[in-house]
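Me: I would like to go through this structure with you step by step. Could we begin once it is on the screen?

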Amino acid sequence: MTDCIFCAIVAGQAPASVVLDEPDVLAFMDIRPFTPGHLLVIPKRHASGLAQLDPEDGAKVFAAGQRIATAMRASDLPIDGVNMFLADGVAAGQEVFHVHLHLVPRTAGDGFGIRARWQTPRRAVLDGTAEAIRTAVETRRA
Ligand code: AMP
Ligand code: ZN
């Protein structure tokens with residue numbers, strides 16, 4: 001996977017400001033941070049998206065993200081909250097096709113946010129959507 005920038009970082013062939021280096025997980029600073037301290041947590045094993053990600057690697061990525069986020073909040077750094085964010089697929093804004101969990105430190109008025117067309121669907125609509133997704137999950141497991 002030499003054409004993957006995050007695999008190159010794992011291999012030590014591209015620069016990174018490393019925060020955490022574990023046997024299966026690496027965390028390093030994002031080069032275009034949304035807010036100061038924005039970092040990425042990745043599995044060392046290449047997976048282009050969630051469908052390709054080993055669930056055990058996914059659990060380790062989340063655990064590392066939880067640990068870093070908790071440490072950042074407890075530290076003297078000016079961090080009052082943390083958002084976790086993961087883009088899976090082009091439509092979701094994924095640009096680097098090696099799974100990565102964004103950790104975005106937050107302070108009041110930092111300018112980061114979610115833009116959406118908020119809706120207030122009726123319960124019947126929510127129930128129908130839940131049914132469709134439940135079927136998708138059960139079909140996939142079978
Ligand atoms: P996404 O849109 O979720 O795929 O996010 C990709 C993220 O990777 C962006 O926030 C980029 O700034 C970041 N990024 C891309 N190349 C590098 C790199 N070489 N080192 C650190 N972060 C990177
Ligand atoms: Zn990769």
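Me: In which helix is F62 found?
Reply: F62 is found in helix 2. Please keep in mind throughout that this is a predicted model.

Me: Is F62 buried, partly exposed or exposed, and what is the value?
Reply: F62 counts as partly exposed, because its relative accessibility is 45%, and the partly exposed class runs between the limits of under 20% for buried and over 50% for exposed.

Me: Let us step back. What is the overall make-up of the protein chain?
Reply: The protein chain contains three helices and five strands. In sequence order, these elements follow the pattern α-β-β-β-α-β-β-α. The C-alpha atoms fill a box of roughly 50 × 40 × 25 Å along the principal axes. Of the 142 residues in the protein chain, 29% are buried.

Me: Now the metal. Which atoms coordinate the zinc ion (ligand 2)?
Reply: The donors to the zinc ion (ligand 2) are the SG atoms of C4 and C7 together with the ND1 atoms of H46 and H98, at 2.0 to 2.3 Å.

Me: What geometry does the site of the zinc ion (ligand 2) have?
Reply: The site is tetrahedral, with angles of 104 to 118° among the four donor atoms. Along the chain, the donors follow the spacing C-x2-C-x38-H-x51-H.

Me: Which parts of the chain does the pair C7 and H46 tie together?
Reply: C7 lies in helix 1 (residues 5–10), whereas H46 lies in the loop between strand 3 (39–43) and helix 2 (55–74), so the pair ties together parts that are 39 residues apart in sequence.

Me: And which of the three accessibility classes applies to C7, and which to H46?
Reply: C7 is buried, at a relative accessible area of 14%. H46 is partly exposed, at 27%.

Me: Moving to ligand 1: how many residues surround it, and which are the closest?
Reply: Ligand 1 is surrounded by 16 residues, and the closest of these are D30, G93, E95, H100 and H102.

Me: What percentage of the area of ligand 1 does the protein bury?
Reply: The protein buries 86% of the 510 Å² that ligand 1 exposes when taken alone.

Me: H102 came up there. Which side chain makes a polar contact with the side chain of H102 at 2.8 Å?
Reply: That is the side chain of H38. H38 is found in the loop between strand 2 and strand 3, and it counts as buried because its relative accessibility is 0%. A polar atom of the H38 side chain also lies 2.9 Å from the backbone nitrogen of F34.

Me: What about the largest nonpolar core: which members touch the most others?
Reply: The core has 13 residues, and those touching the most other members are A27, L39, V41, I68, M72 and L103. Strand 2 (25–29), strand 3, helix 2 and strand 5 (101–106) each give two or more residues to this core. Helix 2 gives the most, with five residues. As background, nonpolar side chains in soluble globular proteins tend to be buried together.

Me: Finally, the later part of the chain. Where does Q119 lie?
Reply: Q119 lies in the loop between strand 5 and helix 3, and Q119 is exposed, with a relative accessible area of 66%. The C-alpha atoms of Q119 and C7 are separated by 39 Å, and the two residues are 112 residues apart along the chain.

Me: And where is A130 found?
Reply: A130 is found in helix 3 (residues 123–141). A130 is partly exposed, at a relative accessible area of 35%. Its C-alpha atom is separated by 31 Å from that of A69, 61 residues away along the chain.

Terms used. Residues are numbered from 1 along each chain as its sequence is written. Chains are lettered from A and ligands numbered from 1 in the order in which they are written. This is a predicted model: local features need pLDDT of at least 70, side-chain atom pairs count only at pLDDT 80 or more; totals for chains, interfaces and linings use all residues. Side-chain values use heavy atoms; hydrogens and water are left out. Donors are N, O and S atoms within 2.8 Å of the metal (3.2 Å for Na, K and Ca); water is not among the atoms, so sites may look incomplete. Four donors count as tetrahedral if all angles lie between 85 and 135 degrees; four count as square planar and six as octahedral if opposite donors are over 155 degrees apart and all others between 65 and 115; anything else is irregular. Helices (H or I, at least four residues) and strands (E, at least two) are DSSP runs, numbered from the N terminus. Buried means under 20% relative accessible area, exposed over 50%, partly exposed in between (1.4 Å probe, protein chains only). A residue is near a molecule or strand if one of its heavy atoms lies within 4 Å of it. Accessible areas come from the Shrake-Rupley method with a 1.4 Å probe; for residues, only the protein chains shown count as cover. A nonpolar core is a set of buried Ala, Val, Leu, Ile, Met, Phe, Trp, Tyr and Cys residues joined through side-chain atoms within 4.5 Å. A polar contact is a pair of N or O atoms within 3.5 Å; within protein, one must be able to donate a hydrogen and the other to accept it, and residues adjacent in sequence count only if both atoms are side-chain atoms.
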